[in-house]
Structure formats: structure tokens, C-alpha cells
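Hi,

Here is the structure I promised to pass on.

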Amino acid sequence: MPRFSRVRFLALKPGGLVLPRIHSSLVRGLRCLGALVEEIPSRQALGRDPGFLVSWPARKGAEAVLALDMGARADLTQGIREVQAGMGVPWVLWFLDHPEGYGFPSACDPDWTMAFCWDKSISLELSRQGPLQLRHLPLASDPAVFHPRDSQERPVLFSGVFVGSTAHANPLLEEAARRCPGLSRAAQQLWTRHREQMHLPMEKLAWEQAAEKWAGLGAQVHTDPLVRLWVKSCLHLAGRLKRAEVVEKVLGARGAAFGDSGWADLLQQTPFLGPVRYGPPLRDVYLRSSFVLEVRQPQSQGGLSQRVFDASLCNRPVLAEWSPELEHILGGPKRVFSFSSLEEAEEARARCLGFPAEAREMASLARKEVLSRHTFLHRAAFLLECLKKEFF
């Protein structure tokens with residue numbers, strides 16, 4: 001890969017559990033390619049007035065600002081246009097969650113924003129709406145963190161594992177769900193629809209359900225703020241139902257789930273073993289399992305999560321919901337066991353466990369594919385190439 005001199009980034013370091021690790025891997029990739037990166041915690045970027053970013057304009061040496069998910073702080077969207085214009089340098093934003101939750105694109109200055117999104121369908125949809133183009137940039141993994149070394153020393157403890165939250169925390173949607181009569185029933189109906197056609201984005205089915213419920217609104221159903229809140233809250237609840245049922249059906253009593261405490265109330269037979277830190281502790285969990293399960297969140301229309309890339313680098317078979325991106329990025333059935341319904345998920349598990357030699361070969365091919373095209377070094381190179389073409 002070519003080295004890039006001259007580019008000096010001011011990188012907004014996010015908070016949370018997983019994003020700081022991804023941020024560190026990406027920054028390391030940028031530095032390997034010759035970029036200079038100064039990091040600043042996102043919490044320090046805000047002054048007393050949350051609408052004004054006091055720390056950044058003073059850094060006159062920065063030639064670009066880098067932020068993943070706006071530093072995982074939705075309040076950073078306030079006043080960004082003014083700061084971008086004052087700094088006069090491009091902001092490179094990579095969304096690993098739905099950009100809508102960060103006020104994108106209205107919060108940003110189109111003249112100084114270069115945006116990327118992990119989900120291709122969302123990228124295309126928001127680009128069509130304008131005024132900013134979103135480039136599709138899938139997630140990746142870090143071979144310095146995730147690898148199969150020493151796996152022979154770790155006995156397999158689980159037939160399969162799922163590691164992740166029951167649902168992304170969102171107090172607004174939780175409160176809306178509590179206050180809206182019948183929303184729990186609607187969420188169950190949505191999951192019932194989605195259960196047998198998981199190849200379709202759950203959000204698409206939710207809007208169809210909303211159009212039936214508010215038929216009198218016609219085309220305005222998509223712009224009505226209360227309907228939009230209903231759809232988002234319904235998706236929030238249905239996504240939790242989906243993850244719980246898929247985990248139970250696919251992993252059963254011999255598997256294990258790791259994540260937030262909400263799993264304890266949702267799982268009946270699959271053991272819940274608590275949270276696990278992202279990084280080497282997670283690698284250890286993957287190495288102790290026969291396969292890793294992937295179940296998408298509702299805000300993902302087809303984007304591949306960290307689980308797909310990280311587990312592949314650990315040389316572990318992956319069972320994942322089918323999406324076009326699975327085919328495009330990893331080669332689909334040649335490298336990953338995929339499913340579009342609960343029945344297909346159970347069949348994929350039986351095949352994975354019943355034919356271990358085939359499963360190992362698929363995992364090996366997936367690992368080679370990730371190493372060749374989908375590390376954070378590759379993503380850093382792509383970011384730099386796009387930045388230099390458009391701004392330098």
C-alpha cells in the first residue's frame with residue numbers, strides 16, 4: 001500500500017465499549033500509511049455550551065477531522081456547521097450506526113464533509129436524498145487483535161455463541177414504547193412477518209405495517225413525525241424479539257450468549273454468561289466456540305457487523321443473516337453459512353456442526369478474504385485516497 005505524507009488528522013476519540021477499539025485500529029492504520037494523527041476524546045471537544053466546540057478551532061495544524069459515529073455523541077451535531085466553516089478543513093465521518101441518529105446530513109456543512117457508511121443500502125438511500133454523498137465503507141477487523149493463534153490450547157466449550165446487545169440503548173424509543181398502547185403487539189406482528197423473510201430489511205416491513213395502520217394518510221405516512229416515532233419504536237421492540245428467538249433456536253442449551261443484562265429476562269434455555277470486553281477477551285470466546293452467530297439489528301438494512309469480520313479472522317465459521325453485502329464482501333455461501341429464515345438458520349447450524357471439515361474450510365477461506373481486503377489498514381488507505389482526491 002502507498003504511504004501518504006502530509007495529511008494531519010485531528011481524530012475525535014469516541015466513548016463506549018466497542019468504538020474506542022475500532023477507532024484505535026483505524027488510527028494505527030492511518031499512521032502506518034504515513035498520516036499524522038492527534039487524538040482528542042469526544043467529551044473534551046465540547047465546551048460549557050454544548051452547541052459550541054471550543055477545543056478544535058485552535059488546532060490550526062490539522063488538515064482534516066476524523067470521527068466515527070460523531071464520536072458517539074449526538075450532542076456534537078449542534079454547531080458543527082459553524083466550526084467546519086471556521087476551521088476550513090474537511091471532516092471525515094464514518095458512520096458505523098444509522099446516521100439519522102446523529103442529525104446527518106442536516107447538521108453538516110456539505111462543503112467540508114466527506115461521509116462514509118457501513119451499510120450500502122443506507123448509503124444509497126441518503127445519497128439519493130442529498131445534499132451529501134455517502135460512500136459505502138464496510139466494517140473491517142484487526143489481525144493484531146483477532147487471530148487463531150493458540151487456539152489449540154483452548155478447548156471448545158460452546159457449540160455456538162452470540163455476542164451483542166439485546167437492542168441498542170435508546171431511552172426515547174423505550175419511553176415511546178411504554179406510552180403507546182398496542183405497540184408491543186405490533187412489534188410481535190412485525191417479527192412474525194419478518195421471521196420467514198429475513199432477506200428483507202425489517203424497516204421495510206415496519207413501514208408497510210404503518211401504511212396499513214394509517215391508510216388515511218396516504219403518501220404523507222412517511223413524513224408524519226408521530227408515525228416515524230411509532231415505526232422506530234416498533235422496530236426497537238421487534239429487533240429484541242428477533243434476536244432472542246434466533247439465539248434460542250440456533251444456539252440452544254449447548255451454546256451461550258454474551259452481552260447486556262437484558263438477556264437474562266429473554267433467554268429460557270440458552271445460557272447467558274454476562275458481558276465480554278471487546279478485544280482479546282472476545283477473541284477468547286470465539287476461539288472456544290464451534291461457530292459464531294450473527295443476527296442484525298433493525299437499523300441495519302444489510303451491513304455486516306464486526307462479528308462477521310472478527311470471527312472470520314479467528315478462523316471460526318460464521319452463521320449470518322443473508323444480505324447482498326454478504327455475497328459481495330465475503331463471497332456468501334463459499335465462506336459463510338447464511339440464512340433467510342429461522343428454519344434455514346437451524347439447517348445452517350446442523351450443516352456447520354455435522355460437517356466440521358467443510359466448516360473449517362469455509363472459515364479458512366473467509367479468514368483469507370478478510371486479510372486480503374477487509375482490515376482497518378485497507379479502510380485507512382481508502383479513506384486517505386478519497387480525501388486526497390476530493391480535497392488535496
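This is a predicted model: local features need pLDDT of at least 70, side-chain atom pairs count only at pLDDT 80 or more; totals for chains, interfaces and linings use all residues.

D142 sits in the loop that runs between β6 (134–136) and β7 (161–163); helices (H or I, at least four residues) and strands (E, at least two) are DSSP runs, numbered from the N terminus. Its relative accessibility is 8%, so D142 counts as buried (buried means under 20% relative accessible area, exposed over 50%, partly exposed in between, with a 1.4 Å probe and protein chains only). Setting aside neighbours within four places in sequence, D142 is in contact with S25, R28, L313 and F376, where contact means heavy atoms within 4.5 Å.

Some ground rules before the rest. Residues are numbered from 1 along each chain as its sequence is written, and side-chain values use heavy atoms, with hydrogens and water left out.

One of the D142 partners, F376, takes us to helix α15 (residues 376–391). F376 is buried there, along with R379, A380, A381, L383, L384, C386 and L387. The expected span is 1.5 Å times one less than the number of residues.

Is K242 buried or exposed? It counts as buried, because its relative accessibility is 4%. Not counting residues up to four places away in sequence, K242 touches W191, H194, M198, M202, V295, R296 and E321.

Two of those names, W191 and H194, turn up again among the buried residues of α6, together with L183, A186, A187, L190 and R195. These buried residues pack against α5 (171–179), α7 (202–213), α8, β10 and α13 (342–354). Helix α6 (residues 183–195) also passes the length check: 13 residues should span 18 Å, and the end C-alpha atoms are 18 Å apart.

For α10 (residues 280–287), the buried residues are L282, R283, V285, Y286 and L287. Their cover includes β7, β8 (256–258), β9 (292–294) and α11.

Most residues other than glycine have a negative phi, and most peptide bonds are trans. Here are the exceptions I have:

- The F104 to P105 peptide bond is cis, with omega near 5 degrees; P105 lies in the loop between β4 (91–95) and β5 (113–117).
- The G130 to P131 peptide bond is cis too, with omega near 0 degrees; P131 lies in the loop between α4 (120–129) and β6.
- M70 is not a glycine but has a positive phi, near 50 degrees. It is found in helix α2 (residues 69–72), and with a relative accessible area of 3% M70 is buried.
- N315 is not a glycine either, and its phi is positive at about 65 degrees. N315 is in the loop between α11 (306–313) and β10 (318–321), and is partly exposed, with a relative accessible area of 27%.

Then there is G15, in the loop between β1 (8–13) and α1 (19–32). At 36% relative accessibility, G15 counts as partly exposed. G15 and S42 are 27 residues apart in sequence, yet 7.2 Å apart in space, C-alpha to C-alpha. Beyond its neighbours within four places in sequence, G15 is in contact with P20, S42, G71 and A72.

Finally, the whole chain. The protein chain has 15 helices and 11 strands, and 54% of its 392 residues count as buried. A compact globule with 392 residues would have a radius of gyration near 21 Å, and the chain has 21 Å, which agrees (taken over C-alpha atoms; the rule is 2.2 Å times the number of residues to the power 0.38). Its C-alpha atoms fill a box of roughly 60 × 60 × 35 Å, taken along the principal axes. Of the contacts with a separation of 6 or more, 70% are between residues 24 or more positions apart.

Cheers
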